[in-house]
Amino acid sequence: HFVAKKTWAKSSPGMEPLALMECLKQLLSKGLEVSRLVTDRCSSIKKKIEEFNIAYNCSIEVEYDIWHYIRSVKKDLVKLAKLKSCADLASWIPSITYMLWYAFKEANGNVDRLKEIINSIPDHMCGVHEFPQNKYYKRCPPHSRRTKYLSKSSIVIKKLKEILAKPNRVKDLSNMTNYCHTSLLETFHSKLNKYCPKRVFYGYQSFNARVCQALLSFNENVNRELKQDEDGNPIVHMTSRRYIDCRQGRQAREKQTQVWKESVRLTMLNKVKNNQPNDKPFNENALPTIRTTIKPGQDKEKVREETKRRLQIIEASRKKN
């Protein structure tokens, strides 16, 4: 793993491309070949990779995360569905999301086929399932209709076409034809929020150690088995949607394990037993500090006392361990 220092750039968005380039250099120095890089729809990173390919004689392909694309479209749809004139769109949002995932999965590296499938979504919502004018995608697969079809002249269809035809979205489709997404990375970020909460500021060494803990926990639980009952049937958990009054089933996974903690403990005990010094001595005075934001109307003295109380808890926990 690699942790970038804040002195490299003036802002967090500016650090990301620099840290990425440093990570790629380290991978190449270890003899690893990188063929494809998946990132969010960031034009600056794409430009950096093009320069990196020329400087280091590489051929790294840049793919955009399709999850970010679909989330962006869904965000516009949810906002549009709140309008009284587009209330019929709310019941179609789950189907549109599914059709977008289907479009990216069926693209098979062909951007023209991807565009044809995405552009067929408004027609599908109007009950049209054959497209003789298309070159690659001429018919929808068999499906079951659960939602009422809309009229071609409705304002919902007009607005949906505008959302899908935004220039930046159409331009980025050429980098989203291989069904690449960063769902595992988002899962790792949730681990980071557990071991490195953003409201707490840690020193560099402490933050580095916490990132290692998040990595060990993630690697141990990333391929957990799906949970089943005594009869071998899958166990399904129900989740609700924010934008529509319905629930969605999702298969549960086995409970997470923390075997890595015992492994770390035994490693440290062996080092102490064999009088092996640490590679990088830890600075005991580098204690974390609490970032406290004072909201309008809050009492500053109460906020200060709450911050002191939290620091005392951290200090007591450090001495206990």
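Tyr-149 has a relative accessible area of 25% and is therefore partly exposed; buried means under 20% relative accessible area, exposed over 50% and partly exposed in between, with a 1.4 Å probe and protein chains only. This is a predicted model, in which local features need pLDDT of at least 70, side-chain atom pairs count only at pLDDT 80 or more, and totals for chains, interfaces and linings use all residues. Residues are numbered from 1 along each chain as its sequence is written, and side-chain values use heavy atoms, leaving out hydrogens and water.

A pair of aromatic rings is described by the distance of the centres and the angle of the planes. Rings of Phe, Tyr and Trp (its six-membered ring) pair if their centres lie within 6.5 Å; planes under 30 degrees apart count as stacked, over 60 as edge-to-face and the rest as tilted. The whole structure has 7 aromatic pairs. One of them is stacked and joins Phe-52 to Tyr-56, at 4.5 Å centre to centre and 25 degrees between the planes. Both residues belong to helix α2 (residues 43-56) and are 4 residues apart, about one turn of the helix; helices are DSSP runs (H or I, at least four residues), numbered from the N terminus. Phe-52 is buried at 4% relative accessibility, while Tyr-56 is partly exposed at 41%.

Trp-92 and Tyr-149 form another stacked aromatic pair, with 6.4 Å between centres and 25 degrees between planes. This pair links distant parts of the chain, 57 residues apart: Trp-92 is in the loop between α3 (66-81) and α4 (93-106), and Tyr-149 is in the loop between α6 (121-125) and α7 (155-164). Trp-92 counts as buried, at 3% relative accessibility.

Side chains of opposite charge can pair when their charged atoms come close. There are 7 salt bridges in the structure, each a side-chain nitrogen of Lys or Arg within 4 Å of a carboxyl oxygen of Asp or Glu. Asp-76 bridges to Arg-169, with the closest N and O atoms 2.6 Å apart. Because Asp-76 lies in helix α3 and Arg-169 in helix α8, the pair ties together parts that are 93 residues apart in sequence. Arg-169 is buried, at 4% relative accessibility.

Cys-196 is buried, with a relative accessible area of 7%.

Notes: Helix = DSSP H or I, 4+ residues; strand = E, 2+ residues; numbered from the N terminus.
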